[in-house]
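Student: I would like to go through this structure and ask what stands behind the terms used for it.

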Amino acid sequence: MPSMDSGNSTQSRHNSNINQLNRPKAEHFARRQNIEQQRKSLPIAAAEKLLLEEVRNNDTLIIVGETGSGKTTQLPQYLNNGGFCRDGGIIGITQPRRVAAVTVAKRVAEECGVALGQKVGYAIRFEDVTSSSTRIKYMTDGLLLREALLDSYLSKYSVIIVDEAHERTVHTDVLLGLLKTVQKTRSKGVSDAADIDHREVKNGMLLEKHNGSEVASTMKHCRGKKLSPLKIIIMSASLDARVFSEYFGGARAVHVLGRQYPVDILYTRQPETDYVDAALITIFQIHIEEGPGDILVFLTGQEEIESVERLVHERLPQLSESKRKLLTFPIFSSLPSEKQMKVFLPAPIGFRKVILATNIAETSVTIPGIKYVIDPGMVKVRTYEASTGIEPLIVVKTSKAQALQRSGRAGREGPGKCYRLYPESEFDKLKDSTTPEIKRCNLSNVILHLKALGIDDIIGFDFIEQPDRISIVKSMELLFLLGALTDESKLSDPVGQKMARLPLDPIYSKALIIASEFNCLEEMLIVVAMLSVESIFYAPREKLEESRNALKSFSSPEGDHLTFLKVYRASDEFLQKSNLVNSKEKAEKNLRKWCKENFINSRSLKHARDIHSQIRRNAEQMGLLVTSCGDDMLPFRRCLAASFFLNAALKQPDGTYRALSSGLTVQIHPSSVLFRMKPENSNRSSMGAKRREHMHIFAPYRWGTCS
DNA sequence: ATCAGAAGC
């Protein structure tokens, strides 16, 4: 008899041949049984019948479900089984984030025992894993908003579930407003209501022009068709359902229990003057005094994370040798993915992990093994200053809801502790919830989108929370300057209508339209794709010199836009050559290696490539001519000046720059290739050069402000 | 002498 070890595979071989034939079936059965058991043990399972009743009786329902309730995966299945997909209706579930849409869809497909993309599917930008048989469709809220441009009644959907509504992203807020009007229209029954018809014809004309058959048929399909009522379900994790309920005319709200372990909240006795130092002390205090379990520290940004990491390593040698088993892992969005992945690896036996994170760890990334959370109570947020149009990032105190969300991260696998680095009296003074994004951002894209949906009265639009009037006015002003709006504030034809169809910042869309007229659209598509993604260059502090040298080989004396163009073309050439002799996978792996050698963030470059292929397709569909200007960059630079006019600055006699639009004194951003150069004043090529001899034509894509 | 993090038919 052969000797056997106890590994799983050997175990299998040990079983008889007869069993081997049946095993896949048996395993499958066991797995299904396990899934069924898990489903039944979820807190929401007990409420299945009740929830179905509530949805039948209420056209709009608010569901408050704490984390771990199972609402996201279960409710769509209940509704499907309860007959809400009859007559081919689809249950749409929106998520603020792509990964959530994908992972939840995969899980639900598995629970239903179907292949992903059949009954259960998902759709996110660049990826549509649905088919004609899809009944449960997970998607991003932004994607559903885009769909509304083609089908303004969202007529495919019998139910739309807006998940994570408490996060109040711009997309969620706009979607809520849209759903409210769509529901009203659809409850009238037929799509020929006078006010709506007018808008539809307008939309129909707009779309038929560029996207002939497909859209025309959608419109015919809608017109005169009997519309079924739309059920809306808002799901939120915040305890306060009142805002949503009031917005939907006193809609009914139900609560579903969650499943969380208790988390002890600890406060400091005194306010801390230096929260970074306080965090550092707390890390060591936990490490020395508390039992096993990893620590999650919330910091505001990359720089802070890197400095805490350095300080931990500086102080570690002061501990006794047995206490030095502490490992730090940074995580923030611009960190290359292979480094991000390291936070998920379990610590070696006897070691404790300290995760130093931005608010990426609040919602986007869930790290296993966390027992202790350190929360200094600060967060970096983007704000919008309507007067100047700039969007500075500032560090502010978190809200109560955010503090709660952070502490919850300690109680996912067992009881935990959260150390708030401020006194309890300070907590009471915090705002209840974070200011919704729509109050803090440039609205030009939102307005363009609403106009394209036929909603012209933006100030009068029923937002769940009204944006400031001034930021609406300022954003409309920008759209007007870009030529997207007419004197009567209507969407212009064809510029505004083309811009609304492109999934880009309106300024970038305009750049494409201008470039198509000056025969350099090929170049502009690349540059706009590169401008649309997060930092293409990655410069770790310890390799700053090396990365600068790498950048030098691409940098163009003509500025950052042309540098981006060179990077993209170099990477494209590399990939194409690699494709000739390798498999697609191998070629992409090689490209990632090439990126690393050149200090380029491969995730960002991949994203830019995806955007490029999408907007190139969009441009072609719209009938824009994709031609290249070859070696003559003059027309291209003119197009830059014509579309990025808000970024133009005039060089002053003292060498500083003055922004033409705002009058602010600005400086070239340190990340610009022009930062250490002394660009000459030029009269060669700017569109305004004849009138303004000193106008700077190399416009870096990013200016810094001077204090 | 430097920007969080989501997201897009």
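Predicted model: local features only at pLDDT ≥ 70, side-chain atom pairs only at ≥ 80, totals over all residues.

Student: How do you know that the length of helix α18 fits its number of residues?

Tutor: Helix α18 covers residues 506-517, which is 12 residues. Just after α18, Asn519 takes a positive phi of about 55 degrees.

Student: What makes α18 a largely enclosed helix?

Tutor: A residue is called buried if 20 or more other C-beta atoms lie within 10 Å of its own. In α18, 11 of the 12 residues are buried, so the rest of the structure largely encloses this helix. Among the buried residues are Tyr508, Lys510 and Leu512.

Student: Which helices do the buried residues of α18 pack against?

Tutor: They pack against α15 (444-452), α16 (469-481), α17 (495-501), α19, α23 (602-621) and α24 (634-643).

Student: Which residues touch the most other members of the largest nonpolar core?

Tutor: That core has 119 residues, and Leu512, Met524 and Val528 touch the most other members. Its largest share, 9 residues, comes from helix α19 (residues 521-531).

Student: Why is this core said to lie between domain 2 and domain 4?

Tutor: Domain 2 (42-189 + 227-256) and domain 4 (644-705) both give residues to the core, so it lies between them.

Student: What does Leu512 touch, not counting residues up to four places away in sequence?

Tutor: Leu512 touches Leu502, Leu521, Met524, Leu525, Val528, Ala619 and Leu624. Apart from this core lies another, of 32 residues, including Val263, Phe332, Leu356 and Tyr422.

Student: What is the strand order in the open sheet?

Tutor: The 8 strands run in the order β4-β3-β5-β2-β6-β7-β1-β8, with mixed pairing.

Student: Why are β4 and β8 called edge strands?

Tutor: Strands β4 (127-129) and β8 (252-256) each pair on one side only, and that is what the term describes. Neighbouring strands of the sheet are turned by 20 degrees against each other on average, direction ignored.

Student: In which sense do β2 and β6 pair, parallel or antiparallel?

Tutor: Strand β2 (residues 90-95) and strand β6 (residues 157-162) are parallel, over 5 bridges. Ile90 stands opposite Tyr157 in β6.

Student: Which strands does helix α5 lie across?

Tutor: Helix α5 (residues 98-112) lies across β2, β3 (120-124) and β5 (136-140), at about 170 degrees to β3.

How values were computed. Residues numbered from 1 in each chain as written. Chains lettered and ligands numbered in written order. Pairing = 2+ DSSP bridges. Helix = DSSP H or I, 4+ residues; strand = E, 2+ residues; numbered from the N terminus. Axes fitted to C-alpha atoms, helices over the stretch in contact; angles between N-to-C directions. Contact = placed C-beta atoms within 7 Å. Core = buried A, V, L, I, M, F, W, Y, C linked by C-beta atoms within 7 Å. Domains from an automatic or database assignment. Expected span 1.5 Å × (residues − 1).
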